[in-house]
Amino acid sequence: MRDTRESRLLLVLLIAIAFALITVDIRGGQESPVDGARQAAAAVFGPVENGVAAAVDPIGNAIGAVRDSGERHTRIAALEKENAELKAELGSDDRNRNRLRELDAMLKTAGAGQYGIKGAQVIAIGAAQGFSWTVTVDVGARDGIKRDMTVLNGSGLVGRVTTVGPSTSTVLLANDPDFTVGTRMEKSDELGFATGQGDRPLLVQLLNGKAKVKPGDRLVTFGSRADKPFVPGVPVGEVVRVDPAGGGLTRNIYVRPYVGFTKLDIVGVVVQAPRSDPRDTVLPQKPKPAPTVTVTVTPPPPDGQAADGQAANGQRDQQGQNQRNQQGQDQGDPTP
């Protein structure tokens, strides 16, 4: 249809008629004069509308479902993110509490031995310099760390510094096969040398082949000249097995180290040695055994003996009463 003057006039006329019919319909209410026409139109076009609606509804539902699904997906993603953040926060709190416990234990150990330490964190593990059991800590030459310094934690001897960089250092762990440290037995002062054996107990060779030692005995570091690489008195471990004495010059024992080398986190590098050897004072207190309660039960006498004993006691009581009565009568009689 061309856009002409006549067509524009026709469009305006149709719009005016439509508004007039709407006005008449609204004012007429239920008795509207166009009600019959509306019903007739509904009868004609109603089935067509229903068919179109039936065909279009699934599409509309699908669009709504997609929209709702997107909203649900966004909400689920937000909840998952919040859950992950909460888990990370809880995990961080647990780790922080564990690190605080480790730090507290290390400070107590350093205080007991009067060691001046530089706190550090293990940031890497591995064979950085060709060693089997090493860790890297986050302190170095800038922090005053030097080669051949003792490394400990709250449990005991961790190892010694072997390589120092500007801000990191490599520590050879005490369970490495290339690691050797002089040891002293608690109380007996028997000397020896402990060597690492990986994930097995330390092998300690006592200098006295006839030394008396048993499982449960404890060892500390003997110390080195000028306190390098080892300061004295650092707890090493506890004896778990003793080889039979074979009459040789030395004797082998096996020691379970106090330190768990597979779960290191907070450690301390000893930058200042103690003024005097702490000897055994850094070792943890042994748990005191609980007192044993002894209960003594006295068995009752047999029934016959009990009855005889009660009869005998009754006779003795009666005889005592008779004697007291007789004495009273004698004191009351006049003298002849």
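Is I17 buried, exposed or partly exposed?

1. I17 is partly exposed, with a relative accessible area of 40%. Here buried means under 20% relative accessible area, exposed over 50%, and partly exposed in between, with a 1.4 Å probe and protein chains only. I17 lies in helix α1, residues 5-28. Together with L10, L13 and L14, I17 makes a nonpolar surface patch of about 360 Å². Patch residues have over 30% relative accessible area and no salt bridge; nonpolar side chains (Val, Leu, Ile, Met, Phe, Trp, Tyr) are joined within 5 Å, and like charges within 9 Å. A salt bridge is a side-chain nitrogen of Lys or Arg within 4 Å of a carboxyl oxygen of Asp or Glu. Areas come from the Shrake-Rupley method with a 1.4 Å probe, and for residues only the protein chains shown count as cover.

2. **Basis of the model.** This is a predicted model: local features need pLDDT of at least 70, side-chain atom pairs count only at pLDDT 80 or more, and totals for chains, interfaces and linings use all residues. Residues are numbered from 1 along each chain as its sequence is written, and side-chain values use heavy atoms, without hydrogens and water.

3. **Strand β5.** Of the 5 residues of β5 (residues 169-173), 5 are buried, so the strand is largely enclosed by the rest of the structure. Both faces are covered. S169, V171 and L173 are buried on one side, T170 and L172 on the other. Helices (H or I, at least four residues) and strands (E, at least two) are DSSP runs, numbered from the N terminus.

4. **Partners of β5.** β4 (residues 157-164) pairs with β5 in the antiparallel sense over 5 bridges. Pairing requires at least two DSSP bridges between the strands. V161 has V171 of β5 as its bridge partner. The two strands, β4 and β5, form a hairpin with 4 residues between them. β2 also runs antiparallel to β5, joined by 4 bridges.

5. **T136.** T136 sits in β2, residues 134-137, opposite T170 in β5. T136 counts as buried because its relative accessibility is 17%. Beyond neighbours within four places in sequence, T136 is in contact with Q121, V122, I123, A124, T168, S169 and T170. Contact means heavy atoms within 4.5 Å.

6. **The barrel.** A closed barrel of 6 strands runs β6-β7-β8-β11-β10-β9, with antiparallel pairing. β6 (residues 180-185) and β9 (residues 218-221) pair in the antiparallel sense over 3 bridges. M185 stands opposite L219 in β9.
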